[in-house]
Amino acid sequence: MSDLKSPRAWERIFWPVAAALLLLCVWHYAVVLTATKVFPSPLNVEKAIAELIHKHLLWADIEDSLRRVAVGYIAAALVGIPIGLSLGWFPEAHQVVNPVLQLMRPISPIAWIPVAIVFFGVGDPAAIFLVFLASFFPIVVACAAGVASVPVLYRRAGRNLGLSNFALLRKIVFPAALPQILIGLRIALGVAWLVVVAGEMIAVDSGLGYLVIDSRNSGKRYDLVLAAMLMIGVIGLILDLAFRQLEKLKSVRWGFRHAA
Amino acid sequence: MRLPVWLRPILFILVLLAAWELAVRMHPGALIPGPIAVAAGMLELLQHGLLLKYVVASLFRVTWGFVLACVTAIPLGLALGWYRRGEMAFNPLSQIFRPISPLAWIPIAILWFGVGDLSSIFLIFVGSFFPLLLTAMSAVHNIPDVYLNAGRNFGLSSSAFVARVLYPAVMPQLLVGMRITLGISWLVVVAAEMIAVNSGLGFLIVDARNAGNRYDLVVAGMVVIGVIGLLLDVAMRSLEQIKSFQWRSSE
Amino acid sequence: MPEDQAGSTPGNGYKLRAEQLGVIFARDGNHIAALEGISLDIKDGEFICVVGPSGCGKSTLLNAMGGFLSPTTGSVTIDGQPVTGPDRRRILVFQERGVFPWLTVEGNIGFGLSELPRAEREQRIAHYVQLVRLQGFERAYPSDLSGGMRQRLQVARALAVNPDVLLLDEPFGALDSITRVIMRSELLRIWQTERRTIVFVTHDIDEAVQLADRVVVLSSRPARIQEILTIDIPHPRHISSPRYLELRDELLKQIGLAFEI
């Protein structure tokens, strides 16, 4: 973009690290200069992380959050992918169902909590239900869009070769739609992670979200709050990166040549 | 018999509503009300003027938080995206901040801003800032070189270049990102209101349940949330239709 | 402006001049020589075509002439002055997506004219709309236009700022063959109306023979000037005339293509 020479390989590490250090310095001096008693400095947070690890609390909470995400997300995928594929395959069905989807999608999963609690009570199932809801819509939408965007000429080529409907779906349409489906799955995972944390702040008593709220409520431990937030960010990033690695597999790669 | 196209989704919704009503009737004493009770609840809210008041409160917070995020994140993101090193520096950090649910910021929001409007605006700001920043950085990347070269060819000054080539070129992608982020903001405001404020649609849901198990109002609130969220989305989409904003990279 | 000899014209009478121009790209530690030792003198108002095999560096040459690339060795001068960066005196016309899709036809043509007073700007825009025959489409957006019309728009936009040189990079390459033929005669008509120096890159031999005063043949990478052919047929050129076919065959031979299939 700019006219400077091409960045070297080492710069890929250098600049992010420099930016992070800059942020830490600004943070540290802001705390020092304002002489705040409540807001922690980077060092406090580092100690808090160590404390959490030491007390084995961190792993338990991380496990709980991840578990809820896993169950809710996989359930949403198992239900959502077939539905999404069908909607993409039958445009008339999509046209009928779409308005309902569009109406339900903007309702924050958190707003479902009272209803969820009625059906599932307070605890794990409610949180899992929230994750399910949050992941369901992006998955359905992405699958439908993926199938719908498969060029008609691929389907025709398949018919030409005498493929039955199911074979057509499996051998041609699904692989062609896969890049978009994967992007939708990745986004859904990101949303699931956001929602599980939010859900844990209200409806359960374990997990990273709960850690955030509880650290404040029982003792104004803002260092723990920030430690938990940092963990949330890092794990969310790891989930995203892991998924992107999946997208890099050769059999999927071709669809991404024109994307990002 | 072929039904007219526009009729089919409406019929589908009616069928769902009917099934819902039936399910409720079959379980007397169920806490969750049927659609008719929900409609009555909505009317009640309208009559007391609460519905309008809560809708305005929620929209007010979303608008402020979202607009603040736009005017800070977008120019910053465009500038960072323009300089490859800028993006290299701040992309990883942004990627760490983005997965942190805005609600996780609640303790900090309350610490800095107390309970109330400012808190929720802050939460929406945080929830919108990083997605918008990343969108702007990516949008600059995706400007075809031809446009940039043509801009340089005509000898534009830097400020003219930014105003007449850069911004128009990133507009379509920015608008899509803004629409998606607005959707996220709407989700966040409702959640934030459920936890940290005393008015708005999110609060309505929590309050209706806490003060008397008024699940008809709870569901009424959910329906209104869905409708307004959809309207916001439609409004943004219509912005995308403006011809001078509208172009596709593949012509 | 160097005043070395009394009465000498800047650039020695040449509008655009490349002297021992060389361009080497460094990519991931590898050095790729795109151009080597290109020396070319182009007179004012001349129509030059540059042909060569795909990927040989024709676009690189154009970019260097336009000032979008700095030469690794040698120099490019215009009117005797070295080219140091892009500016309005040398406008590039691209193969695809060259026009700004967010501006109308008028907006595109007027893009370089913002410093002019309104009346003059509108007059110029109207003049070029007429010249490229886009009347009636002033308020249209590029997405409403066909490929050929968009290329005409690009040419109009380029001409509107009164450049000395037009650099065209396979401008008709994305068009269907019938449109291409029409566009060639359009370009010639425009060139004969408002004379500019033109450097036109193409991989189409016929196009080169039909349009150019001189054809520069580049070798494959690293590109050197293999041959410069003078097309001595006056316009309008008949594409079945013996001299045309002769020159065409000569060009094919230069590129190393058999002319019997």
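Here are some questions and answers about a predicted model with chains A, B and C.

Q: Why is Ile53(A) called exposed?

A: Ile53(A) has 12 C-beta neighbours inside 10 Å, so it counts as exposed. You can find Ile53(A) in helix 2 (residues 42-54) of chain A. Its C-alpha atom is separated by 14 Å from that of Gly207(A), a residue 154 positions away along the chain.

Q: What makes up the buried part of helix 5 of chain A, and what covers it?

A: To be buried, a residue needs 20 or more other C-beta atoms within 10 Å of its own. In helix 5 of chain A, the buried residues are Ile113(A), Pro114(A), Val115(A) and Ala116(A). Their cover includes helix 6 (124-148) and helix 8 of chain A, together with helix 9 (201-210) and helix 10 (215-240) of chain B. After helix 5 of chain A comes Gly121(A), with a positive phi near 75°.

Q: How do you know which pair of chains has the most contacts?

A: Two residues are in contact if their C-beta atoms lie within 7 Å. There are 2 pairs of chains that touch, and the most contacts are between chains A and B. This contact takes 49 residues from chain A and 47 residues from chain B. On the side of chain A that touches chain B, the elements giving two or more residues include helix 1 (11-34), helix 8 (165-203) and helix 10 (222-247) of chain A. Sorted by class, that side has 36 nonpolar, 9 polar and 4 charged residues.

Q: What is known about chain C and its contacts with chains B and A?

A: Chain C does touch chain B: 17 residues of chain C are in contact with 16 residues of chain B. The side of chain C that touches chain B has 11 nonpolar, 3 polar and 3 charged residues. Chain A and chain C do not touch, and their nearest C-alpha atoms are 9 Å apart.

Q: Why is chain B described as it is, spread out or compact?

A: Start with what chain B is made of: 10 helices and 0 strands. The globule rule gives 18 Å for 251 residues, while the radius of gyration of chain B is 22 Å, well over that value, so chain B is more spread out than a compact globule. Along the principal axes, its C-alpha atoms fill a box of roughly 75 × 60 × 30 Å. Buried residues make up 43% of the 251 residues in chain B. Among its contacts between residues at least 6 apart in sequence, 71% join residues at least 24 apart.

Q: What makes strand 6 and strand 10 of chain C edge strands?

A: Look at the open sheet of 6 strands in chain C, which has the order 6-7-8-3-9-10 and mixed pairing. Strand 6 (90-93) and strand 10 (225-230) of chain C each have a single partner strand, so one side of each is left without a neighbour in the sheet. From one strand to the next, the twist averages 15°.

Q: How do you know that strand 9 and strand 10 of chain C pair?

A: Two strands pair if at least two bridges are found between them. Strand 9 (residues 214-218) and strand 10 of chain C are joined by 5 bridges, and they run antiparallel. Within this pairing, Val217(C) stands opposite Glu227(C) in strand 10 of chain C.

Q: Which residues meet where helix 4 and helix 6 of chain B touch?

A: The axes of helix 4 (residues 84-97) and helix 6 (residues 117-141) of chain B come within 10 Å and cross at roughly 145°. The crossing is left-handed. From helix 4 of chain B, Glu87(B), Asn91(B), Ser94(B) and Phe97(B) meet Phe130(B), Leu133(B), Leu134(B) and Met137(B) in helix 6 of chain B. By class, this contact has 5 nonpolar, 2 polar and 1 charged residues.

Note on methods
Residues numbered from 1 in each chain as written. Chains lettered and ligands numbered in written order. Predicted model: local features only at pLDDT ≥ 70, side-chain atom pairs only at ≥ 80, totals over all residues. Helix = DSSP H or I, 4+ residues; strand = E, 2+ residues; numbered from the N terminus. Nonpolar A, V, L, I, M, F, W, Y, C, P; charged D, E, K, R; others polar. Axes fitted to C-alpha atoms, helices over the stretch in contact; angles between N-to-C directions. Left-handed = near helix turned anticlockwise from the far one by under 90°. Rg over C-alpha atoms; globule rule 2.2 N^0.38 Å.
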